[in-house]
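User: I have some questions about how the labels on this model were reached. Please take me through them one at a time.

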Amino acid sequence: MAASDDAGRIDSSLWNVLQLFQGRRFYLMLIGFALMLGFWHLSVEVWRLSRFKEMPGLTEVVREWTSREPSFGISIFTGDYYRDILVSCRRVAISFLVATALGIPFGLLLGWSRKFRGYVFSVFELLRPIPVIAWVPLAILMFNGQETPVIFLVTMSSFFATALNTKLGVESIDQSCIRAARCLGAKPRQVFVHVILPGALPYMFTGLQIGMGCAWFSLVVGEMVAGQFGLGYRINTAYVTVAYPTMVISMLTLGLVGYGSSALIRLLGNALMRWRARELAL
Amino acid sequence: MASKGIGSLIAHRDMNTSASASLVGNPLSMRMHLNPDVVRSIVGVVAFLAIWEIGAHSAQLFASPLPWIGRLPAPEAVMAVWGQLLVQKSYWMDLYLSFLRVSSGFLVALLIGVPYGLLLALNRVAYEVGFPTFEVIRPIPPIAWIPASILFWPTQGLSIGFVIFLGAFFTIVLNVIGGTKSIDRRYFKAATSMGASKLNIFRRVVLPSVLPSIVVGAVVGMGISWEVVIAGELITGGGSASGSGSGIGFFIWNSYVAAGQAAEAKIVVGMISIGIMGYVSSELIRFIGRRVTPWLVVR
């Protein structure tokens, strides 16, 4: 039964892919990209508008990105490129894991226990309006070394998103579900495991996705100001050393890697919340 | 869709705050005894300040300063520095200039983002041409645009303003699209069958339905704008004239670089000032939002 279901799904997805090339949607999308890239190419390299004088052109960036011997040292064939990606990913991964490991229990407690919320939430709300970016100089002073300040900043920015959304997730649970479980004889621990945790899961994953976005956001600032190596660092260095194509390559790579990491969380969330994926017909 | 997630999230947060506010403001229990939630939050804040105080003085109290919080300036030093700054004109100039950058970038994002989002949401062709490119550019963090923006725009103010615009623009557009797509199709059918013209449908159906999403997008976008303005001012590095004031992010960065007397205290004052400014401007947007969507306010 399950096997035939899977087969049906694969068939339909294949059909979807074929549809993509047949329908006008695909061509309209192509037109969109052609307009964007065409504007970039024409304004920089053909019309040479005065404001775009310093901008690297489309062909220049593509040539540099795919060149075996790039003139500014960064392309898909150089080790430095992959080291920057790895360093950035490693920082985000460490911070994100720490933020998740702290933020989810913290958020669950905030939503679950009124006492804990009373004691802690006011301080949490006092600190939250301060942008994480504003912590940069203080973080450099508080933590020695080059790595810790960046990791601290990234952790903090994704911690707030994760904790807050987990709290909202617990609060979004219908009180009658909790009461029903209690009536059927569930102990508080069982309510927590079987009602609160799965009930908060959708919001939790929204929080994780927002947290991942925040993590990349603050990573760039941390690397630009304090870090060494990494994509944000590369952007800033490329700007300072007038290696403008490298700057654009790093920006585009950041977008790609950031998108990939969000997609990963979305996939994990859909796997953990099959009941929801089915409801939304994903 | 992600935008819907954010939208429902913020809406929920608002509902949540109003619920707790009504819980706190129960006059009967206030008269009899103090609300336990209020007592707890006071205890929490006092404990927080105590830890801060101990951390700041740990070098004198213990043999060596505590890790991490040992480098913090003492709360009373922060207050003293803040007191001095409050009467200085440059401090207010810093706040004013940052606010000016945030509000101009944010307003442009609103003016371009709302029509663009409506266009994408209402016109199929526009959506299919415009949305994929939008989604490709969106994952690049706005901060990563700062160097490119400095290259492109002639003045520092314009380049920071442009990055703020980018930060707020994506959120606003996503929320407008999400809001428009969630309108019940039956409203369109009902309006059409009663003879409404396209313009009429837009004015009477689309605009009022999208307004709450615009407000949500604006609140989130305002938060991002404050993050971005600080990042922009930190990264463009130091600013020109520090005497006349040039932005609160510059103020923090200059205090950090100068590293002189009470540098840490100045940094913390800057951070708190940004927090207050950000909070006030978000509340301002929420207030305006409640005024333009009175039907959502629960009496």
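This is a predicted model: local features need pLDDT of at least 70, side-chain atom pairs count only at pLDDT 80 or more; totals for chains, interfaces and linings use all residues.

User: How do you know that chain A touches chain B, and which helices of chain A take part?

Analyst: By the 7 Å cut-off between C-beta atoms, 52 residues of chain A are in contact with 49 residues of chain B. On the chain A side, α2 (24-46), α5 (114-127), α6 (136-142), α7 (147-172), α9 (188-225), α10 (231-240) and α11 (244-272) each supply at least two residues. The largest share, eight residues, comes from α9(A). By class, this side has 36 nonpolar, eleven polar and five charged residues.

User: Why is α10(A) called largely enclosed?

Analyst: A residue needs 20 or more other C-beta atoms within 10 Å to count as buried. Nine of the ten residues of α10(A) are buried, so the helix is largely enclosed by the rest of the structure. The buried ones are A:L231, A:G232, A:Y233, A:R234, A:I235, A:N236, A:T237, A:A238 and A:Y239. They pack against α4 (79-112), α9 and α11 of chain A, together with α8 (146-152) of chain B.

User: Why is A:R48 called exposed?

Analyst: A:R48 has 11, so A:R48 is exposed. A:R48 is found in the loop between α2 and α3 (58-65) of chain A. Its phi is positive, near 50 degrees.

User: Why is A:F229 called partly exposed?

Analyst: A:F229 has 17 other C-beta atoms within 10 Å, so A:F229 is partly exposed. A:F229 lies in the loop between α9 and α10 of chain A. Its phi is also positive, near 65 degrees.

User: How is chain B built?

Analyst: Chain B has 13 helices and zero strands. Buried residues make up 39% of its 299 residues. Among its contacts between residues at least 6 apart in sequence, 69% join residues at least 24 apart.

User: Which domains does chain B have, and how many residues join them?

Analyst: Chain B is divided into domain 1 (2-25 + 73-296) and domain 2 (34-72). Five residues of domain 1 are in contact with ten residues of domain 2. The domain 1 side has four nonpolar, no polar and one charged residues.

User: What is the average pLDDT of chain A, and which stretch is below 50?

Analyst: Chain A averages a pLDDT of 86, and 90% of the residues score at least 70. Over residues 1-8 of chain A the pLDDT is below 50. Beyond near neighbours in sequence, this stretch has zero contacts in the model.

Note on methods:
Residues are numbered from 1 along each chain as its sequence is written. Chains are lettered from A and ligands numbered from 1 in the order in which they are written. Two residues are in contact if their C-beta atoms, placed from the backbone, lie within 7 Å. Helices (H or I, at least four residues) and strands (E, at least two) are DSSP runs, numbered from the N terminus. Ala, Val, Leu, Ile, Met, Phe, Trp, Tyr, Cys and Pro count as nonpolar, Asp, Glu, Lys and Arg as charged, and the others, Gly among them, as polar. A residue is buried if 20 or more other C-beta atoms lie within 10 Å of its own, exposed if 12 or fewer, and partly exposed in between; C-beta atoms are placed from the backbone. Domain bounds come from an automatic or database domain assignment. pLDDT is the predictor's confidence in each residue, from 0 to 100.
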